[in-house]
Amino acid sequence: MVEEGAVFSALHKILLLFCLAEFASARCHTMDRESLLKYLANHSVKSISGVHTFSEIDSTNSEAERLISNGIADVQLVIADAQSAGRGRRGRDWVSPSGSGLYLSLVYPFSVGTFGLQGLSLVTALSAHAAIRNLGVESLQLKWPNDLLVGNKKLSGILLELCDHSAQTWVVFGIGVNYKLTKDQRASIGRPAIDVSEVLSKPPSIEQLAAAITVELLRNIGEFISSGFSTFQSAWNSYDRYLEKDIVIQNGNSRKIGRHQGVDENGSLLLQTIDGLQRISGGELFPSVREAGG
Ligand code: BTN
């Protein structure tokens with residue numbers, strides 16, 4: 001005969017275990033603003049006039065655009081623990097729950113007409129690449145124009161947006177890095193994804209990761225303003241996952257197939273096709289016709 005008290009105690013234990021499991025899978029993150037500012041200060045970052053942190057926001061890029069419309073005057077950093085409407089390239093969503101990723105936007109003013117956005121997009125990927133490599137991820141590669149990959153899996157995506165306001169062109173550098181995805185989140189992305197916690201036995205904090213990327217990006221924007229993309233060309237080509245591989249570039253309904261010959265001094269992809277060498281300035285790269293949708 002089983003006593004009523006023993007049954008109650010067993011049920012209680014099961015309930016407790018269930019709650020702990022639920023709690024562990026939620027893994028919320030609260031941005032430690034002080035530690036973020038400390039990391040930035042350690043790198044002597046003086047050029048940011050405002051650091052805006054949120055527990056949840058629609059999209060850090062949208063908040064950056066609101067800051068621009070409200071008339072901010074200088075470089076600003078926006079970071080959120082979670083995004084309810086995170087945006088990816090080509091109208092896709094960017095899955096953005098708390099604790100699963102870094103969601104960061106840097107707002108930077110440029111003089112109108114002084115730059116080519118395409119090169120800047122590659123420079124942003126190179127900045128995130130340098131920061132994450134320095135934190136220990138050695139097998140990190142690039143996929144034109146601005147994805148970071150480990151093997152064939154995506155670790156980080158970048159969305160640059162332009163805003164003209166007060167006779168200036170503002171660039172919003174939106175960067176998302178997978179930090180610790182649950183099984184369900186990974187499945188909902190629908191493409192192979194990897195996260196920082198999977199590739200590093202001792203992952204940095206989200207704050208440390210954010211500061212490291214911001215520092216590299218600010219340094220590289222300065223270099224890009226003074227010298228353009230050409231100084232980044234060889235770095236890009238040495239880390240490009242698909243260099244010398246047969247690839248497909250899809251741009252709307254147009255599809256080009258050829259061998260990837262690296263990027264040129266402006267960041268355009270050089271594609272050797274049966275019609276000759278073509279400079280590609282926009283579109284999405286696929287490793288095969290099948291992956292481009294057949
Ligand atoms: C991609 O599709 O690869 C680009 C993803 C960019 C996601 C980042 S997360 C921070 C910023 N805010 C957004 O809404 N999107 C970018």
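1. In this note Ala, Val, Leu, Ile, Met, Phe, Trp, Tyr, Cys and Pro count as nonpolar, Asp, Glu, Lys and Arg as charged, and the others, Gly among them, as polar. On that basis the shell around the ligand divides into six nonpolar, ten polar and four charged residues.

2. The model is predicted, with local features requiring pLDDT of at least 70 and side-chain atom pairs pLDDT 80 or more, whereas totals for chains, interfaces and linings use all residues. Residues are numbered from 1 along each chain as its sequence is written.

3. Of the 20 residues around the ligand, those that come nearest are Ser-59, Gly-88, Gly-157, Gly-174 and Gly-176, a residue being near if its C-beta atom, placed from the backbone, lies within 6 Å of the molecule. Helix 3, strand 3, strand 6 and strand 7 each supply at least two residues of this shell; helices (H or I, at least four residues) and strands (E, at least two) are DSSP runs, numbered from the N terminus.

4. Seven strands form an open sheet of mixed pairing, in the order 1-2-3-7-6-5-4, where two strands pair if DSSP finds at least two bridges between them. Strand 1 and strand 4 (140-143) stand at the edges with a single partner strand each, so one side of each is left without a neighbour in the sheet.

5. Strand 2 and strand 3 pair in the antiparallel sense over five bridges, and the bridge partner of Val-78 in strand 3 is Ser-105.

6. Helix 3 (residues 60-69) is followed by Gly-71, whose phi is positive, near 90°.

Methods:
A residue is buried if 20 or more other C-beta atoms lie within 10 Å of its own, exposed if 12 or fewer, and partly exposed in between; C-beta atoms are placed from the backbone.
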